[in-house]
Amino acid sequence: MTMTSPAPSVPPAPGQRLPFLDWVRVGAFALLILYHVGMFYVSWDWHVKSRHAGFAIEPLMLLSNPWRLSLLFLISGVATRFMADRMGPGALAGSRLPRLGIPLLVVMAVLVVPQPYYEVVEKINYADGYWAFWGRYLSFDQSFCRGDDCLTLPTWNHMWFVAYLLVYTLILALMLKLGAGRWLVRLGEAGWTRTWAVLVLPILALALLRIFLIERFPVTHNLTWDWYNHAVSFSMFLLGYGCARNVALFDGLAARRRLLLSIGLAAWAFYAWYGWTYWQDGSPEPAYALRLVSRAAYAIEQWAMILAVLGFARQHFNRSTPLLRYLSVGVFPFYIIHQTLIVVVGHHLTPLNLPVAAESLLLIATTVAGCFATYELARRVKLLGPLLGVR
């Protein structure tokens, strides 16, 4: 069975963007902000915690957990392809190094600092104040520990995505310089109009990676020892680069979007049940076979939901608007500032003992307002633009 196109399509011209992919990028970053708000309310370890934290929304968090970052790396690969089509490998590396590297360094030195500060305030009752902590942060102090759990300072926290994306882009530029670009394009175009190839092969690869690597290399965001994460994220980045101009693939996903969504939701239902049953304190130890099935379900949800998102976006959001053009530039400063806002605001909301609905809505509203304020500031102050990811 083939994934037929609903209408004849041609690849975009060099430099021409596909609006639905920009909508996916904006939506993925918006989802990430909501996910990190959710981290304030779940039982999983995070920087700061609400007094309302518990298990209630964890199944909902697992609805996006397997695929949200993989989708971002895939879309980043697509965007890199459109840039690479307009410039050589050296120019690509030269443009991305300051574009990603400068904000990364600035955020690590300044804007990330409140996150570990409020973490040590809440977890080890640190009481020497913010400025004393910042001095110790910049001096690479490694003494903030809770038992064997010690903070590594300085840290990039949520900016790990930017660091990884920069490294992946530089590796890709080297690959392009060595002539590997045409092989990536062939991989992204050959055979991908067949349903079984689009759906089954990536699921099989993702499941094998999770089965054999996740226990030995759990996700740590440590650049030099995060091999499961690299295997998945770099593969998605390269796949996005290769598939960026395969319009027949995207049209086929649009035609199969409901089927793909159904597969993804079914896998999520099993994975959420597994997490609810075996991840809580005092839960029984799952059988090894069941752990393998859960990892396969993770991979199925991961890939089917990515394809479903692309299919629905292709079908319903394939038009550029002034709002899209505004947000397409804004998502990077949004990403830069959002987690610090959540941590700071969340920490100061907790003592107010607000009902969970009021607290969470206030946290979301304040974070979104802070993101827009940061973006507008970066647009209007030329010195801040490059530091906050605004060209």
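Colleague: How many cavities of 30 Å³ or more does a search of the whole structure find?

Modeller: The model is a predicted one. A cavity is a space where a probe fits but cannot get out. Searching the whole structure gives four cavities of 30 Å³ or more.

Colleague: What volume does the largest cavity have?

Modeller: About 90 Å³. Its lining is made up of 13 residues, and those closest to the centre of the cavity are Leu74, Cys243, Leu249, Trp303 and Leu310.

Colleague: Which helices each supply at least two residues of that lining, the lining of the largest cavity?

Modeller: Four are to be named: helix H3 (68-84), helix H10 (227-243), helix H11 (247-255) and helix H13 (288-316).

Colleague: How do the residues of the lining of the largest cavity divide into nonpolar, polar and charged?

Modeller: For the largest cavity, 12 are nonpolar, one is polar and none is charged.

Colleague: What is the volume of the second largest cavity?

Modeller: The second largest cavity has about 80 Å³. Its lining consists of Arg17, Leu18, Leu21, Asp22, Arg25, Ile75, Val78, Ala79 and Phe82. Two or more of these residues come from helix H1 (19-39), and two or more from H3.

Colleague: Which element gives the most to the lining of the second largest cavity?

Modeller: That is H3, with four residues. H3 also supplies at least two residues of the lining of the largest cavity.

Colleague: How many residues in the lining of the second largest cavity are charged?

Modeller: Three are charged, alongside six nonpolar and no polar residues. In the lining of the largest cavity, by contrast, no residue is charged.

Technical notes
Residues are numbered from 1 along each chain as its sequence is written. This is a predicted model: local features need pLDDT of at least 70, side-chain atom pairs count only at pLDDT 80 or more; totals for chains, interfaces and linings use all residues. Side-chain values use heavy atoms; hydrogens and water are left out. On a 1 Å grid over the protein atoms alone, a cavity is a set of points where a 1.4 Å probe fits but cannot get out, and a pocket is an open set with protein on both sides within 12 Å along at least five of seven lines; lining residues have an atom within 4 Å of a point. Grid points are joined across faces, edges and corners, and a volume is the space filled by probe spheres set on the points. Ala, Val, Leu, Ile, Met, Phe, Trp, Tyr, Cys and Pro count as nonpolar, Asp, Glu, Lys and Arg as charged, and the others, Gly among them, as polar.
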